[in-house]
Amino acid sequence: QVQLVESGGGLVQPGGSLRLSCVASGSIFNIKTMAWYRQAPGKERELVASITSAGSTNYADSVKGRFTISRDNAKNTLYLQMNSLKPEDTAGYYCNAILADYSGIYRNYWGQGTQVTVSS
């Protein structure tokens, strides 16, 4: 059984930094694209950043220049370094991965989410 587990969320003041991590575990055969999404209360879930297995990245305009996505393929781990945080970054952050288990079938997996609150 495959699981994605996020960590690293919390309360931070505006202008501060946080680093989120997401570990994929279980019977994993291969991971393609991994991504971070976020959802604020009353809003739809939105893509924050994504990264392919080759390391190509994509960012939402609202986080470009402030957030950096990276991954350690050997550890099946995804990261999101968030700098210069703003109150509007407050949301639940969710890890997403397109991966195949030992069946070889690729499926879309989600983590349970970690809360990021930016407030003074």
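Analyst: In this predicted model, the protein chain carries 11 positive and 8 negative side chains. The centres of these two sets are 4 Å apart. Side chains of opposite charge can pair when their charged atoms come close. A search of the whole structure finds five salt bridges.

Consider aspartate 89 to begin with. Its side chain forms a salt bridge with arginine 38, and the closest N and O atoms are 2.9 Å apart. Because aspartate 89 belongs to the loop between β8 (77-82) and β9 (91-101), while arginine 38 belongs to strand β4 (residues 28-39), this pair ties together parts that are 51 residues apart in sequence. Both aspartate 89 and arginine 38 are buried.

Aspartate 89 also meets the side chain of arginine 66 in a salt bridge, at 2.7 Å from N to O. This pair, too, links distant parts of the chain: aspartate 89 is in the loop between β8 and β9, and arginine 66 is in the loop between β6 (57-59) and β7 (67-72), 23 residues apart. The relative accessible area of aspartate 89 is 0%. Arginine 66 has a relative accessibility of 11%, and because buried means under 20%, arginine 66 counts as buried as well. Through shared partners, salt bridges join Arg38, Glu46, Arg66 and Asp89 into one network.

Another salt bridge is formed by lysine 64 and aspartate 61, with an N to O distance of 3.1 Å. Is aspartate 61 buried or exposed? Aspartate 61 has a relative accessible area of 64%, so it is exposed, whereas aspartate 89 is buried.

The setting of these pairs is the chain as a whole. Along its principal axes, the C-alpha trace spans about 45 × 25 × 25 Å.

Among contacts between residues at least 6 apart in sequence, 55% join residues at least 24 apart. The accessible surface comes to about 6300 Å², and carbon and sulfur atoms account for 46% of it.

Notes: Residues numbered from 1 in each chain as written. Predicted model: local features only at pLDDT ≥ 70, side-chain atom pairs only at ≥ 80, totals over all residues. Heavy atoms only, no water. Contact = heavy atoms within 4.5 Å. Areas by Shrake-Rupley, 256 points an atom, 1.4 Å probe, with all protein chains shown as cover. Lys, Arg positive; Asp, Glu negative; His and termini not counted. Charge placed at Lys NZ, Arg CZ, Asp CG, Glu CD. Salt bridge = Lys/Arg side-chain N within 4 Å of Asp/Glu carboxyl O. Helix = DSSP H or I, 4+ residues; strand = E, 2+ residues; numbered from the N terminus. Buried < 20%, exposed > 50% of the residue type's maximum accessible area, 1.4 Å probe, protein only.
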